[in-house]
Structures are given as C-alpha cells and as structure tokens.
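This briefing is set out by topic for a reader with the sequence and the model at hand. Please consult the structure shown here alongside the points that follow.

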Amino acid sequence: MTSSFTDLLSAALTARSELVARLHAEQTDAYRMFHGSVEGVAGLTVDRYGNLLLVQSFHEPLTAEQLTELETFYHRSFPGFDIIYNDRSQPNSRIANKLSNEQMDAAFEPREAQELGVTYRIQARHAGQDPWLFLDLRAGRRRVMQEAAGKTVLNLFAYTCGVGIAAAKAGAKQVVNVDFAESSLLVGKENSRLNHLGHTLRYVESDAFAALRQYSGLGQPRVVRGKRLPPFPKLEKQQFDLVVLDPPRYSKSIFGVVDLVNDYSALFKPALLATAEGGTLICTNNVASVDRQDWFDQLQRSAKKAGREIRDMEWITPEADFPTLDGNPPLKIALLRV
Ligand SMILES: C[S@@+](CC[C@H](N)C(=O)[O-])C[C@H]1O[C@@H](n2cnc3c(N)ncnc32)[C@H](O)[C@@H]1O
C-alpha cells in the first residue's frame with residue numbers, strides 16, 4: 001500500500017519531469033527534488049547534488065518510519081545514489097542526528113555536482129551546516145553567466161564562491177570574491193581548480209563592510225569611536241562592471257550590521273558606489289516577510305540618496321524546483337542597471 005508521504009514525494013518528482021529534462025540537457029544535475037513547505041511536508045527538503053540526495057528537516061525531525069519510507073522511495077527511483085539525512089530542526093539549524101559509520105563515510109566524501117556546465121564541490125557533511133551550493137540561487141548564477149563575459153565582477157558574501165565561479169566560467173575578465181570565512185573561500189579555491197579557471201579569481205578574506213567601503217571610495221577608518229578595529233586587508237578604490245550582493249539575513253560584526261529586514265541600505269549604498277556607471281548590480285533579499293515591492297522602493301530611495309540612478313530593473317525568479325503557493329518566492333533577486 002502506498003502511503004501519502006510516498007505520494008507527496010512522487011508527485012514532486014512528476015511535477016519536475018520537464019524541468020529536470022531541461023536541466024540535464026544543460027549539464028545540470030543539482031536541483032531541489034522536494035520543497036516541503038509547498039509540496040506537503042513543511043520544513044522538509046530533498047536536494048540532488050550529482051549522485052547525492054541530501055535530505056534536510058528544519059521544523060521537526062523525521063521519524064524513523066518516515067526516513068525509511070523516504071529512503072525506499074528514492075532508492076527505487078535513483079538506484080546507487082547515496083541518501084544522507086541532516087536533521088536541522090534544533091536551535092541554530094545545527095545538524096543534530098548521528099549517522100552510522102558507513103553513512104559517515106558517504107557524508108564526508110567529497111563529490112562533484114554540475115550546474116550549467118560548471119562543476120561544484122559538494123559534501124553532505126563538513127564543518128559548517130549549509131550545503132556548499134544554494135540551489136535557489138541557480139536563477140541568479142544563470143543570469144550572471146549571461147552577463148559576465150569580459151566584465152570585472154565583485155562577488156560579495158561569496159561563501160564558496162558559486163557566483164564567482166559561474167562568472168569566471170562564463171568568461172569574466174576578473175572576479176573578486178569577498179567573505180570573512182576562510183574555510184568557505186577555500187572551497188571556492190577548490191571550485192576554481194575543478195573548473196580550470198586559473199588566475200581569474202581573487203579571494204579577499206575580509207569583512208564585507210570593510211571591503212565595500214574601500215572599493216566604493218567611502219573609506220574604512222582604522223579607529224571608530226576611540227576603538228581600534230581589528231586588522232583588515234587594504235584594498236584600492238575600484239568600481240566593478242558587475243556586482244553581486246547576496247547577504248545572509250543577519251550578521252553582526254565590529255564593522256557593521258547586516259540586517260536585511262531593517263537596514264538593507266547599509267550594504268546597498270556602498271555596493272552601488274562600487275558598481276561602475278553603466279554597470280549592473282544584482283542584489284538579493286531572502287527574508288520571506290520582506291515584501292518585494294517595499295524592498296525595491298527602499299532600493300530606489302537609497303540609490304537617490306547616494307546620487308545614483310537605477311536606469312532599469314528586472315526581477316530574477318527562482319526556477320520551478322522551488323515552487324511557491326502565491327507567486328512570491330522568499331528569495332527575491334533584483335537585477336539593476338545603474
Ligand atoms: C548565505 S551565505 C551567502 C551565499 C552566497 N552569496 C552564495 O552565493 O552561495 C552567507 C555568507 O556571508 C558571510 N558573511 C556573513 N557576514 C559577513 C560579513 N560581515 N563580512 C563578510 N562575510 C560575511 C558568511 O561567511 C557566509 O559565507
């Protein structure tokens with residue numbers, strides 16, 4: 001007898017058949033197979049990365065019976081794939097469940113996944129919590145690849161440099177990746193090696209505020225309110241043809257506060273000033289409760305204050321493996337011609 005859980009997983013797979021055929025034809029084997037919040041199990045996601053199926057639960061753990069049912073379903077549809085379950089329903093979304101020794105080997109095995117002909121390093125488990133490639137941003141990386149040839153590119157909050165790797169693969173002249181996490185930039189370097197990208201990419205291990213203030217020409221003081229700031233890399237003023245600003249929801253450091261709900265402008269203004277006249281700024285906001293139009297109105301006000309014009313704009317929408325109930329995806333991606 002088929003239970004309703006299996007029915008939901010199966011319906012999600014059927015719903016993707018056209019998309020998946022298209023993705024495979026363009027050398028993509030990384031996509032979301034089950035987006036539970038819309039497809040029937042809130043907080044449960046199943047992502048394919050090459051021969052790995054990564055199952056994550058964010059609201060409550062799967063029961064042993066549910067996990068067995070899920071594994072039975074996917075083993076039948078994808079024989080030979082590894083299925084790894086990461087329960088992230090505890091506070092801070094930290095992975096909480098133990099795996100068998102055999103599963104641990106599979107979880108820590110370095111793998112490769114393809115997206116739009118680009119190879120990305122993937123591990124089901126590593127020192128951090130999040131997968132090394134965020135799949136809802138595929139639409140953004142796709143657009144970056146259409147834009148990047150011959151351009152200078154600044155990739156802010158680069159994480160494992162997915163956007164920067166895509167840009168370099170598409171023929172960017174120079175790509176600068178900024179992130180304060182050395183471990184994430186190391187994965188970016190590995191991604192560059194996997195794609196034979198040579199010296200196109202640069203990795204700046206820095207607080208994004210410190211880097212942006214220097215690139216934009218606003219300047220980063222060494223002492224603020226009598227307090228000496230920790231050392232940061234010195235960077236020359238530079239404007240880029242294409243800037244990508246994809247920050248986390250909230251992050252506080254001595255250099256500034258990333259707060260996508262209350263103060264997007266703190267990042268947007270210097271990012272805009274680091275974008276060349278006639279250039280393009282792609283920025284994102286992944287906070288579901290932020291209304292798309294309200295956010296764009298804010299961007300326009302902020303641009304005006306900074307003395308820059310938004311000449312044209314375009315929304316980039318996550319692809320069909322991230323279905324929505326109301327046409328408003330939590331991840332908003334705006335492409336601005338400035
Ligand atoms: C959600 S990820 C960004 C995703 C990334 N843009 C991508 O394409 O996958 C958040 C990243 O921001 C970095 N980060 C957070 N606050 C930062 C800050 N103040 N300066 C530099 N990096 C920061 C983290 O280290 C992490 O790599």
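C161 is placed in the loop that runs between β7 (152–156) and α7. In this predicted model, the phi angle of C161 is positive, near 70 degrees, in a residue other than glycine. With a relative accessible area of 0%, C161 is buried, because the class covers residues under 20%.

- The buried residues of α7 are G162, V163, G164, I165, A166, A167 and A168.
- After α7 comes G171, with a positive phi near 100 degrees.

- H196 is not a glycine, yet its phi is positive, at about 55 degrees.
- The loop between α8 (182–194) and β9 (201–205) holds H196.
- H196 has a relative accessible area of 71% and is therefore exposed, the cut-off being over 50%.

**Ligand site**

- The ligand has 15 residues around it, and those that come nearest are F157, D179, A208, D246 and S251.
- D179 contributes a polar side-chain atom, which lies 2.7 Å from an oxygen atom of the ligand.
- S251 places an N or O atom of its side chain 2.7 Å from a nitrogen atom of the ligand.
- On its own the ligand has 610 Å² of accessible area, of which the protein covers 89%.
- The shell around the ligand is made up of 10 nonpolar, 2 polar and 3 charged residues.

**Second largest pocket**

- The second largest pocket holds about 180 Å³ of space.
- Its lining consists of R213, Q220, V224, R225, K227, L229, I254 and F255.
- By class, the lining residues of the second largest pocket comprise 4 nonpolar, 1 polar and 3 charged.

**Cavities**

- The model contains 3 cavities of 30 Å³ or more.
- The volume of the largest cavity is about 50 Å³.
- Lining the largest cavity are R292, W315, I316, T317, P318, P329, L331, K332 and I333.
- Strands β16 (312–316) and β17 (332–337) each provide at least two residues of the lining of the largest cavity.
- The lining of the largest cavity divides into 6 nonpolar, 1 polar and 2 charged residues.

**Buried residues elsewhere in the chain**

- T28 belongs to the loop between α2 (17–25) and β1 (30–35).
- The relative accessibility of T28 is 2%, so T28 counts as buried.
- A polar atom of the T28 side chain lies 2.9 Å from the backbone nitrogen of L116.
- H35 is located in strand β1.
- H35 has a relative accessible area of 13% and is therefore buried, as this value is under 20%.
- Q214 is part of helix α9, which covers residues 208–216.
- With 9% relative accessibility, Q214 counts as buried.

**Separations in sequence and in space**

- Q214 and E236 are 22 residues apart in sequence, and their C-alpha atoms are 6.5 Å apart in space.
- H35 and F240 are 205 residues apart along the chain, and 35 Å separates their C-alpha atoms.

Note on methods: Residues are numbered from 1 along each chain as its sequence is written. This is a predicted model: local features need pLDDT of at least 70, side-chain atom pairs count only at pLDDT 80 or more; totals for chains, interfaces and linings use all residues. Side-chain values use heavy atoms; hydrogens and water are left out. A residue is near a molecule or strand if one of its heavy atoms lies within 4 Å of it. A polar contact is a pair of N or O atoms within 3.5 Å; within protein, one must be able to donate a hydrogen and the other to accept it, and residues adjacent in sequence count only if both atoms are side-chain atoms. Accessible areas come from the Shrake-Rupley method with a 1.4 Å probe; for residues, only the protein chains shown count as cover. Ala, Val, Leu, Ile, Met, Phe, Trp, Tyr, Cys and Pro count as nonpolar, Asp, Glu, Lys and Arg as charged, and the others, Gly among them, as polar. On a 1 Å grid over the protein atoms alone, a cavity is a set of points where a 1.4 Å probe fits but cannot get out, and a pocket is an open set with protein on both sides within 12 Å along at least five of seven lines; lining residues have an atom within 4 Å of a point. Grid points are joined across faces, edges and corners, and a volume is the space filled by probe spheres set on the points. Buried means under 20% relative accessible area, exposed over 50%, partly exposed in between (1.4 Å probe, protein chains only). Helices (H or I, at least four residues) and strands (E, at least two) are DSSP runs, numbered from the N terminus.
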